[in-house]
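The sequence and structure are shown first.

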Amino acid sequence: MFIVTITYTQPIEAIEARTAEHREWLDQHVASGLIVAAGPMVPRTGGVLVVSSALTKDALETLLKDDPFQVHGLADHAVTEFKAGKANPALVPFA
């Protein structure tokens, strides 16, 4: 599985201007089962994605280039891969 940390690099006003586009991008990948969970950090300095192991790290990094926050130069994405040694049974299909 993967944890993607999104760090905003532009003022929150610029982020908010593209948030609807970003959420549409998220919605398609949540619906496909690729993104297991997503949400903003608290405080709102970025966001976090929990991504299934259905992709390789390289394929995920390529996919992230289509995130409107990255397309418009609003955020950096850092990908951390991990092996879920313990998981809630509901998450096992994604691990």
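## Strand pairing

In this predicted model, His 77 of S4 is the bridge partner of Ile 6. Strand S1 (residues 2-8) and S4 run antiparallel and are joined by seven bridges; two strands pair if DSSP finds at least two bridges between them. Strands (E, at least two residues) and helices (H or I, at least four) are DSSP runs, numbered from the N terminus.

The open sheet has four strands in the order S2-S3-S1-S4, with antiparallel pairing. Strand S2 (35-40) and strand S4 (75-81) each have a single partner strand, so one side of each lacks a neighbour in the sheet. On average, neighbouring strands are turned by 15 degrees against each other, direction ignored.

## Helix packing

Helix H1 (residues 12-31) packs on the sheet and touches S1, S2 and S3 (contact: heavy atoms within 4.5 Å); its direction makes about 165 degrees with that of S2. H2 lies across S1, S3 and S4, at about 165 degrees to S4. Axes are lines fitted to C-alpha atoms, for helices over the stretch in contact, and angles run from 0 to 180 degrees between N-to-C directions.

## Ser 52

Ser 52 is in the loop between strand S3 (46-51) and helix H2 (57-64). Its relative accessibility is 3%, so Ser 52 counts as buried (under 20% relative accessible area, 1.4 Å probe, protein chains only). Leaving aside residues up to four places away in sequence, Ser 52 touches Met 1, Phe 2, Gly 33, Leu 34, Val 36 and Phe 94. A polar atom of the Ser 52 side chain lies 3.2 Å from the backbone nitrogen of Ala 54.

## Basis

Residues are numbered from 1 along each chain as its sequence is written, and side-chain values use heavy atoms, leaving out hydrogens and water. As the model is predicted, local features need pLDDT of at least 70 and side-chain atom pairs count only at pLDDT 80 or more, while totals for chains, interfaces and linings use all residues.

Methods. Buried means under 20% relative accessible area, exposed over 50%, partly exposed in between (1.4 Å probe, protein chains only). A polar contact is a pair of N or O atoms within 3.5 Å; within protein, one must be able to donate a hydrogen and the other to accept it, and residues adjacent in sequence count only if both atoms are side-chain atoms.
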